[in-house]
Amino acid sequence: MPEIKVTPLGAGQDVGRSCILVSIGGKNIMLDCGMHMGYNDDRRFPDFSYVTQNGRLTDFLDCVIISHFHLDHCGALPYMSEMVGYDGPIYMTHPTKAICPILLEDFRKITVDKKGETNFFTSQMIKDCMKKVVPLNLHQTVQVDDELEIKAYYAGHVLGAAMVHIKVGSESVVYTGDYNMTPDRHLGAAWIDKCRPDILISESTYATTIRDSKRCRERDFLKKVHESIERGGKVLIPVFALGRAQELCILLETFWERMNLKAPIYFSTGLTEKANHYYKLFITWTNQKIRKTFVQRNMFEFKHIKAFDRSYADNPGPMVVFATPGMLHAGQSLQIFKKWAGNEKNMVIMPGYCVQGTIGHKILNGQRKLEMEGRATLDVKLQVEYMSFSAHADAKGIMQLIRMAEPRNMLLVHGEAAKMEFLKGKIEQEFSIDCYMPANGETATVKTNPSVPVDMSVNLLKREMALGGPLPDPKRPRSMHGTLIMKESSLKLVSSEQALKELGLNEHQLRFTCRVALQDPYSDSETLHRVYTHLKSLLKGYTIQHLPDGTVMVESIVIKVSSSAEDANAKILLLSWSYQDEDLGSFLSSVLKKGLPSGLPKM
Amino acid sequence: MEDSEFEDVLDEWFIESLTAYKDLHVYQLEHPTQVIEWTSGKTVCVAGFSSSKNELLELRLPLKLFAEENKGLCAERDFKVVHGGFSECPVSCLRHVPGTRLIVTNDGRGTDLQVWDLGGDDSDVIRRTGILHGAESSTVQLTQLTSGQSLYKLETDSADPLNSLQFTDDAVFLAGCSDGKIYLADTRTPAVPLMSPPPAYSGQSVVWWTDASADPQQPSCRVVRLSSSGHAVVSDLRKPGEAVCQAQLDVHSRPDDVTGRGRRGETASLCQVSVELWRSTTHATGGRRRGGLSRSSSIAVTQSHVRKLTAATPSASPPTSGTPSARRRCCPPLQTVQSTSGTGWNRVLTE
C-alpha cells in the first residue's frame with residue numbers, strides 16, 4: 001500500500017520551532033526550518049540527523065519550503081543550508097523572500113554581537129542561503145521536478161504567509177504553517193480550495209484555544225495609549241516595518257479623529273520608506289481595503305501621523321511614536337527608549353515577541369534596571385505593556401479549514417498525544433477521517449489509497465456497453481474484462497485481441513476433450529437423449545440443446561455419444577470444451593462419470 | 001479616510017466601552033452554551049445545548065484575568081481547552097461537585113442526571129461515568145457518587161412530581177413538589193420525613209417552585225415558595241405550614257404558545273432568578289431583612305435576567321406526547337441539583 005510519512009523534527013515535546021519532514025511518492029520535503037527561541041545552545045536548531053546522520057542534506061531532500069518570515073519558521077534556515085549543507089531549491093513567497101533576510105540579519109546581530117555567541121551563521125551565510133530561494137506566486141503550480149509539484153495558498157497571519165499544497169502523482173499533502181481564518185485590518189483570511197489532500201498538516205495548539213476578540217485587544221491598546229496621553233506621558237511603540245505597524249496606525253488615526261485628540265503621533269521615516277516600498281511590491285498580499293487606500297494615495301499620508309525627527313523626542317508634552325527596530329535592541333527605538341525610560345508617566349507598548357538578549361525581552365520579563373554601554377544603569381520607570389496582535393486560527397478556525405480542504409486524513413503537530421485525545425475524537429467524529437499526532441522525532445505513516453487513472457479503448461468500451469446492464473455510475477463499481485497495458489508511461493485498458501495485436505502475438509485457441517465411459521443398454525441416440533434430459537434437470541438456468549446433428553450442447557460444450565463395436569452397451573461420451581468453459585466442462589465430465597439415473601423418460 | 005471607514009473601525013459602543021469598562025474581554029465559543037460553572041479556581045465548564053451531539057469543555061482562564069501585579073506584562077489572554085467530552089443530548093444544567101473532578105448534567109427534557117469525570121493531567125477527555133434518575137417524591141435518594149452506593153431514600157406515601165431539591169445543611173434536605181408540598185428529611189435518621197402541605201390559596205392548575213436559604217446568622221432556614229400565578233410565600237422551616245410573609249408578584253409572561261410550555265418554562269426561569277436574588281440579599285444583609293421579597297428590586301433583576309435567559313434559550317419544541325400529564329412531566333427541567341459540603345461532599349441528591 002502506498003503511504004506518506006511525516007516526521008516533526010525537534011527535541012522532546014517542545015512547541016516553538018517548526019520543521020517537518022514529509023516523505024511522499026519517493027520525494028523528501030522539509031517544511032519550514034525554524035529556530036527555537038527559548039534555547040541558547042544547539043537545542044534551538046532542529047535535529048537534522050533524522051534526514052541523514054552524516055554530512056550534507058542535498059542528496060536527501062528534494063526541496064525545502066518556508067511558510068512565512070517568523071523566526072520560529074525560518075530562523076534555522078541559514079544554519080541548515082550553509083552550516084549543515086543544502087544546495088537544493090528553497091521555496092517561499094515573494095514577500096517572505098524580501099523580509100526573511102532582514103529578520104535573520106537582525107536576529108544574527110543580536111545573537112552574535114550582543115550575546116557573543118560563536119556557533120551561529122554569518123551575514124554572508126544569510127546572503128548565500130537566500131540565493132537558493134525560488135519565489136512562489138499564489139495559486140501558481142510550480143514543478144520542482146518531473147513528479148513533484150507545489151502550490152501556495154493565502155494564509156493571512158502575516159504578510160506573505162502561505163499554506164502549501166504538495167503533490168506527487170496522485171498523492172498530496174497540505175501544510176498550513178501559521179494561518180488565520182478571520183480577516184485582519186491589513187490582511188485577508190486564509191483560503192484554500194477543495195483540493196482533498198491525503199493529509200492536512202496543522203498545529204494542534206490552535207485547536208485548543210479560544211481567543212479574545214480582536215476588538216478587545218485593540219480596545220486595550222487604545223485605552224492604554226489614551227490614558228498615557230491624558231496624563232501627559234509619551235508612548236513609544238517599537239515596530240518592525242510592516243503590517244502590524246500600519247494596522248496600529250490606522251487604529252490610532254481613526255481614534256484621534258473620533259476623539260478630537262491633539263497630541264502628535266509620529267512615524268519614523270525609515271519605516272515609511274521601507275513600508276511603502278514593500279507594499280508597492282506586495283499589494284496583492286494585503287486585503288481589499290488596504291489596496292483601495294494605496295491606490296488612492298501614499299500609504300502613510302495620515303492626517304494625524306507625521307514623520308519623526310529625532311529632535312522631537314525632547315519636546316515637552318504627550319506624543320506617540322512608532323519606531324524601529326521592534327525589539328529595542330538598537331537604532332532609533334532604543335535611543336528614544338533611553339530618553340523616556342526614566343519618567344513613570346511614559347509608556348512603551350511591545351507588540352510582539354522579543355528575542356532573548358534584547359532590551360525588549362528584558363523589560364518584558366519585568367527587569368527594571370538595565371545595564372547599558374559604558375556600565376551605565378538605566379532605571380526603567382515607564383509603564384511596560386505587552387500586547388500580542390498576531391493573528392492565529394483557533395478551535396473554530398481549524399474546523400473551518402478542514403471543511404474547506406476536505407482532507408482524507410488530519411495530522412497535528414506540537415502537542416502531546418495524551419492531551420489531544422479529545423481533539424482527535426472531535427475531528428474523527430465530525431469528518432470521519434483519521435487524525436494523527438506524532439510527537440517530535442516520531443514518524444507518522446499514513447496509508448493512502450491513490451486512484452490510478454487508466455485509459456480505456458473505445459472498442460472495449462463499446463463492447464462492455466453492448467453487454468447491457470446498468471449505465472456507468474462512478475459510485476458503483478462494475479467488473480469488466482480486459483488487458484492492462486503499460487505503454488509510454490500511461491496505462492491503457494484494451495481488449496485481449498488488441499493487446500495481442502500490440503504485442504504482435506497470435507491468439508491460440510485451447511480446446512479440451514474428455515472421454516467418459518458409460519454402461520448404457522440403449523441405442524446411441526437414446527443414450528444421448530437421456531444425457532440431455534439428465535443434464536436439463538440438473539443444470540437449470542443453462543442453455544442446453546439437443547441438436548439434430550446428434551450432439552448435445554451445454555452452453556458451448558459439445559457432447560457426443562458413440563458405442564464400442566464389441567459391446568453395444570459400452571458407450572463413450574465425448575465431451576469437448578474451450579478453455580473459457582473449463583469449469584463447466586470439468587463439472588459435466590464428473591457428473592457424467594457417475595452414470596445416468598435409471599428413471600429417465602424415454603424418447 | 002472616508003466617513004464610512006470611521007464607522008467601520010470604531011463604532012459608538014466601542015468608544016463608550018473605553019470609559020465604561022476598565023478591562024473587557026470577549027470570547028466567542030464555537031458552540032453556544034446555556035451553562036457555565038467553576039470547576040476550580042482557574043477553570044470553568046461549558047456545554048452545548050443542540051438537539052444532537054454536544055461538546056462539554058473544561059476551559060482554563062487566561063493568565064491575564066488573574067494577574068494582579070505586572071498585568072501589562074502578561075500577554076496571555078486566551079482561554080485554553082484543557083478537557084473535552086461529548087454528550088448525545090443537550091446540556092441545560094451543569095453542576096460541579098466541590099472537591100472532586102466530577103460534574104453532573106441534565107438535558108432539560110427529562111430528569112436523568114449524567115455524571116462525568118473531568119479527568120486529570122494524563123488525559124484530556126471528559127468521560128461519562130454514570131446516570132442517576134428519578135422524578136418524583138417517591139424516588140428521591142442520596143447516592144455516594146464515587147461508589148454508587150445508596151445512602152438514604154425518601155420514604156413517602158405519594159409520588160408527586162418534584163420541582164426542587166436541595167440541602168439546607170450537611171444532613172437535612174428539602175424536597176419541593178410541584179403542588180406546593182414540602183418534604184423535610186434528615187438523612188441521619190430513618191424517621192419519616194416532615195411533610196408540609198401546599199399554601200392555602202394553591203389552585204388546581206397552579207405549579208409551585210421552592211427554594212430554601214440557610215443563613216448561618218439565623219437560627220433557622222427560610223423557605224420561599226413561588227407559584228406560576230406569581231404568588232410568593234415565605235415560611236420558616238421550623239413551622240413550614242405557616243407563612244411568615246407573602247407577596248403577589250407582577251409577572252409579565254408571553255402569550256400562551258400551543259404547548260403552554262413556553263410560559264411555564266419562562267415562569268420557572270423567573271422564579272429561579274427571583275429566588276436567587278432573595279437568597280443573596282438575605283445573606284448580604286445578614287438576614288436582617290423582614291424576610292419578605294423586595295418587590296421592586298426582584299422585578300428589576302428579573303426583567304434583565306429574562307432578557308438574558310431569552311437570548312440563551314432555544315426555541316421551545318412541542319413535547320412528543322399530547323396528554324396533559326405527560327406535558328407536566330416534561331417540564332420544568334431539573335434545575336436544582338446540589339451537592340453538600342462537609343463530610344458528605346461527594347454526595348448528590350437526585351430526584
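Strands β5 and β6 of chain A run parallel and are joined by four bridges; helices (H or I, at least four residues) and strands (E, at least two) are DSSP runs, numbered from the N terminus. Two strands count as paired if DSSP finds at least two bridges between them. One such bridge has A:Tyr91 with A:Val134 as its partner in β6(A). Strand β4 (residues 63-65) of chain A is also joined to β5(A), by two bridges, and these two strands run parallel. Here A:Val64 has A:Ile90 in β5(A) as its bridge partner. From β5 (residues 90-93) of chain A, A:Ile90 and A:Met92 point one way and A:Tyr91 and A:Thr93 the other way, and all are buried. Buried means under 20% relative accessible area, exposed over 50%, and partly exposed in between, with a 1.4 Å probe and protein chains only.

This is a predicted model, in which local features need pLDDT of at least 70 and side-chain atom pairs count only at pLDDT 80 or more, while totals for chains, interfaces and linings use all residues; side-chain values use heavy atoms, with hydrogens and water left out. Residues are numbered from 1 along each chain as its sequence is written, and chains are lettered from A and ligands numbered from 1 in the order in which they are written.

The loop between β6 (133-136) and β7 (142-143) of chain A holds A:His139. Most residues other than glycine have a negative phi, and most peptide bonds are trans. In A:His139 phi is positive, near 60°, although the residue is not glycine. A:His139 has a relative accessible area of 42%, so it is partly exposed. In sequence A:His139 and A:Ala152 are 13 residues apart, and in space they are 5.5 Å apart, C-alpha to C-alpha. With neighbours within four places in sequence left aside, A:His139 is in contact with A:Lys151, A:Ala152, A:Tyr153, A:Tyr154 and A:Trp191; contact means heavy atoms within 4.5 Å.

A:His157 also has a positive phi, about 65°, and is not a glycine. It lies in the loop between β8 (148-154) and β9 (162-168) of chain A. A:His157 counts as buried because its relative accessibility is 1%. Another backbone feature is the cis peptide bond joining A:Thr324 and A:Pro325, with omega about -5°. A:Pro325 is in the loop between β16 (319-323) and α9 (331-340) of chain A.

The next topic is helix packing. Two packed helices are described by the angle between their axes and the distance between the axes. Axes are lines fitted to C-alpha atoms, for helices over the stretch in contact, and angles run from 0 to 180 degrees between N-to-C directions. The axes of α5(A) and helix α6 (residues 244-259) of chain A come within 11 Å and cross at roughly 60°. The two helices are therefore oblique to each other; angles under 35 degrees count as roughly parallel, over 145 as roughly antiparallel, 65 to 115 as roughly perpendicular and the rest as oblique. Their crossing is right-handed: a crossing is left-handed if the near helix is turned anticlockwise from the far one by less than a right angle, and right-handed if clockwise. The residues of this contact divide into ten nonpolar, one polar and three charged. Ala, Val, Leu, Ile, Met, Phe, Trp, Tyr, Cys and Pro count as nonpolar, Asp, Glu, Lys and Arg as charged, and the others, Gly among them, as polar.

Helix α5 (residues 214-230) of chain A also packs with helix α2 (residues 12-20) of chain B, at an angle of about 55° and with the axes 10 Å apart. This angle makes α5(A) oblique to α2(B). The crossing of α5(A) and α2(B) is right-handed. On the α5(A) side, A:Arg215, A:Glu218, A:Arg219, A:Leu222 and A:Lys223 meet B:Phe14, B:Ser17 and B:Leu18 of α2(B). Three nonpolar, one polar and four charged residues make up the contact of α5(A) with α2(B).

Further along chain A, five strands form an open sheet in the order β27-β31-β30-β29-β28, with antiparallel pairing. Its edge strands, β27 (511-519) and β28 (544-547) of chain A, each pair on one side only. Within the sheet, β30 (residues 557-563) and β31 (residues 570-578) of chain A run antiparallel and are joined by six bridges. A:Val558 has A:Ser576 as its bridge partner in β31(A). Helix α15 (residues 524-538) of chain A packs on the sheet, touching β28, β29 (551-554), β30 and β31 of chain A, and its direction makes about 145° with that of β30(A). Helix α16 (residues 582-593) of chain A lies across β27, β29, β30 and β31 of chain A and runs at about 170° to β31(A).
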